[in-house]
Structure formats: C-alpha cells, structure tokens
Amino acid sequence: MHRTDPPRAVELATPDGDWIAVCDARELEPDSGTAVLLPGGDQAAVFRTPAGELLAVGNRDPFADSWSIADGITGSVDGTPTVSAPLHQRLFDLRTGICLDDPSHALPVWPARLRPTT
C-alpha cells in the first residue's frame, strides 16, 4: 500500500474475540515492523510480509527486556517469516512467536487482519 491509497485499519484480535484497530495499513512497509500500544498498556509489533500477510507478536524482547521487536530485522527460514531481535539477534517465528534459537522463550501472538470493507 502507498500513502495515496485510502486509509484501511489493521486490526488485532483481543482475548475475548473482539477486533481492535491498531494502525493504518499504509504505515506498514513490507519486511518492517510497527510498534502499537494495546489496551492495558501492552505493546505489539505488527509486520507485513512481501506477500501481504499481516502478523503481530509481542514487542517486548524477553532476552533484553526491552520494547524493541518491531525494530528487528525480518527474514525467513524455510519459508517461515521471522524477525531477529535487535539487541541479541535472537530469531523469532512471526507466526508462532517461538524463539528458534531457544524454544523455551516465545512472544505472544495476536491474529491480525485488515478491517473488512463494508
């Protein structure tokens, strides 16, 4: 999407099944993240793959205890989209949140979608 496209909200699912708008899809460049503030003060890192898939994981790096996952370097391993945490370069699966370097750690994951058109 480009800035000339009409606004379209990216939504994340809440634990109770509702959807909340978190950002404008035009803010999401392929292969980069955007940090968003969630109700209750938590943060998510929202990514858009080159194929257009929307993925959202927790923005807090469990190894560095910093809000930095959205600033990580994206890539893929065997076709699975990943993000490398900026401080310790730990690699996380963007679909499951699991750390590929240390599976005992994982980021929370939120279902993400573009707001349905009416």
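User: How many aromatic pairs does the structure hold?

Analyst: One aromatic pair. Keep in mind that this is a predicted model. The partners are Phe63 and Phe92. Their ring centres are 6.2 Å apart, with 45° between the planes, and the pair is tilted.

User: Where do Phe63 and Phe92 sit in the chain?

Analyst: Phe63 is in the loop between strand E6 (60–61) and strand E7 (66–67). Phe92 belongs to strand E10 (residues 91–93). They are 29 residues apart, and the pair links distant parts of the chain.

User: Is Phe92 buried or exposed? And what about Phe63?

Analyst: Phe92 is buried, because its relative accessible area is 0%. Phe63 has 23% relative accessibility, so Phe63 counts as partly exposed.

User: Which residue lies over the face of Phe63?

Analyst: Arg90 does, at 4.2 Å from the ring centre. Trp19 has an arginine over its face too: Arg113, at 4.0 Å from the ring centre.

User: New topic. Which residues touch the most other members in the largest nonpolar core?

Analyst: Val10, Leu12, Val22, Val36, Leu38 and Val46. That core has 13 residues. Two or more residues come from each of E1, strand E2 (19–24), strand E4 (43–48) and strand E5 (54–58).

User: What lies apart from it?

Analyst: Another core, of 12 residues. Phe47, Ala70, Ala85 and Leu107 are among them. As background, nonpolar side chains tend to be buried together in soluble globular proteins.

User: Back to Leu12. What is Leu12 in contact with, leaving aside its neighbours within four places in sequence?

Analyst: Its contacts beyond those neighbours include Val22, Leu38 and Val46. Trp19, Trp110 and Pro111 are also among them.

User: Where does Glu11 lie, then? Buried or exposed?

Analyst: Glu11 lies in strand E1 (residues 9–13). Glu11 is buried, since its relative accessible area is 6% and the cut-off for buried is under 20%.

User: Which side chain does a polar contact join to Glu11?

Analyst: That of Arg115, with a polar contact of 3.0 Å. Setting aside sequence neighbours within four places, Glu11 is in contact with Trp19, Arg113 and Pro116, among others.

User: What about Val83: which strand? Buried or exposed?

Analyst: Val83 is part of strand E9 (residues 80–84). Val83 counts as buried, because its relative accessibility is 0%. Beyond neighbours within four places in sequence, its contacts include Phe47, Arg90 and Phe92.

User: Last one. Which residue other than glycine has a positive phi near 65°?

Analyst: Asp31. Asp31 is in the loop between E2 and strand E3 (33–37). Asp78 also has a positive phi, near 50°. Asp78 is in the loop between strand E8 (73–77) and E9.

User: Why mention that?

Analyst: Because most residues other than glycine have a negative phi.

User: Is Asp78 exposed or buried? And Asp31?

Analyst: Asp78 counts as exposed, because its relative accessibility is 80%. Asp31 is at 40%, so Asp31 counts as partly exposed.

Definitions and conventions
Residues numbered from 1 in each chain as written. Predicted model: local features only at pLDDT ≥ 70, side-chain atom pairs only at ≥ 80, totals over all residues. Heavy atoms only, no water. Helix = DSSP H or I, 4+ residues; strand = E, 2+ residues; numbered from the N terminus. Buried < 20%, exposed > 50% of the residue type's maximum accessible area, 1.4 Å probe, protein only. Polar contact = N/O pair within 3.5 Å; in protein donor to acceptor, adjacent residues only side chain to side chain. Contact = heavy atoms within 4.5 Å. Phe/Tyr/Trp six-rings, centres within 6.5 Å; stacked < 30°, edge-to-face > 60°. Lys NZ or Arg CZ within 6 Å of the ring centre and 35° of its normal. Core = buried A, V, L, I, M, F, W, Y, C linked by side-chain atoms within 4.5 Å.
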